[in-house]
Amino acid sequence: MTVSVLLADDEGLIRSALATLLPLEADIDVVAEADNGVDALARYEEFRPDVAVLDLEMPGLSGVDVATKLLGEDQERAVVILTRHARPGTLRSALRVGVRGFVGKDADPKLIASAVIDVAEGGRYIDPNVSAQALIDDCPLTERELDVLRVAVDGYSVSEIAATLHLAEGTVRNYLSNAIQKTGSRTRHEAARTARERDWL
């Protein structure tokens, strides 16, 4: 059975190359293309492809933003993220929302086509180069410290963070203090900003 694909990438040359090469490597039909995240969502709704192949970094909405919206409506939807710079935090974010495919843009088209087919059939494909980077992640923060910073980044007070995460205020203060120390920051907002810039959140 032919797998229908939405291909979204703001780099026209790469998008055109993949639109040409993927059907040559497997039983794939590129039914729609987009050069930004907003159009990618619109094309998906219009064509309802079997797989959405999304560039990680696009104008308007990132690939993970688009995936979050698509998978938030239906976790069975198949999404493959393409990236030039595979940071561990980005991989975690993509997996957290339900993305099942994550491939480097420099991968052989045959490998990208194979990932598309695997994901279309309900499987998962994570580029070994991407997962290797995730294994050597140098984030010093614990998952709980990251949880607290995710809420702190929106400017909430300690009591609001505690209520949101169902933790005691003293516990939140301890996590924030640890995060501030580990990131070499002066305030919780600076710590949250540092963690986001390093793609730990």
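## Strand 5 and its partners

In strand 6 (125–126), I126 is the bridge partner of F102. Strands here are DSSP runs of E with at least two residues, helices are runs of H or I with at least four residues, and both are numbered from the N terminus. Strand 5 and strand 6 pair in the parallel sense over two bridges; two strands count as paired if DSSP finds at least two bridges between them. Strand 4 also pairs with strand 5 in the parallel sense, over four bridges, and the partner of V80 in strand 5 is G101.

This is a predicted model, in which local features need pLDDT of at least 70 and side-chain atom pairs count only at pLDDT 80 or more, whereas totals for chains, interfaces and linings use all residues. Residues are numbered from 1 along each chain as its sequence is written, and side-chain values use heavy atoms, with hydrogens and water left out.

Strand 5 (residues 101–104) is covered on both faces. G101 and V103 on one side, and F102 and G104 on the other, are all buried, where buried means under 20% relative accessible area, exposed over 50% and partly exposed in between (1.4 Å probe, protein chains only). In a regular strand the side chains alternate between the two faces of the sheet.

## The sheet and the helices packed on it

Six strands form an open, parallel sheet in the order 2-1-3-4-5-6. Strand 2 (28–34) and strand 6 (125–126) stand at the edges with a single partner strand each, so one side of each has no neighbour in the sheet. Strand 1 (residues 3–8) runs parallel to strand 2 and is joined to it by six bridges; the partner of L7 in strand 2 is E33.

Helix 2 (residues 37–47) packs on the sheet and touches strand 1, strand 2 and strand 3 (51–55), contact meaning heavy atoms within 4.5 Å. The direction of helix 2 makes about 135 degrees with that of strand 2. Helix 1 (residues 12–25) lies across strand 1, strand 2 and strand 4 (78–83), at about 165 degrees to strand 2. Axes are lines fitted to C-alpha atoms, for helices over the stretch in contact, and angles run from 0 to 180 degrees between N-to-C directions.

V172 is placed in helix 9 and counts as buried because its relative accessibility is 0%. Leaving aside residues up to four places away in sequence, V172 touches V148, V158, I161, A162 and L167. The C-alpha atoms of V172 and S159 are separated by 8.4 Å, and these residues are 13 apart along the chain.

In helix 10 (residues 188–197), the buried residues are E190, A191, A192, T194 and A195. Their cover includes helix 7 (143–152) and helix 9 (169–183). Just after helix 10, D199 takes a positive phi of about 65 degrees.

## The largest pocket

The largest pocket has a volume of about 250 Å³. Of its 12 lining residues, V64, T90, S93, D199 and L201 are the closest to its centre. A pocket is an open set of points on a 1 Å grid over the protein atoms alone, where a 1.4 Å probe fits, with protein on both sides within 12 Å along at least five of seven lines; lining residues have an atom within 4 Å of a point. Grid points are joined across faces, edges and corners, and the volume is the space filled by probe spheres set on the points.

Helix 3 (63–73) and helix 4 (88–97) each supply at least two lining residues, and helix 4 gives the most, with four.
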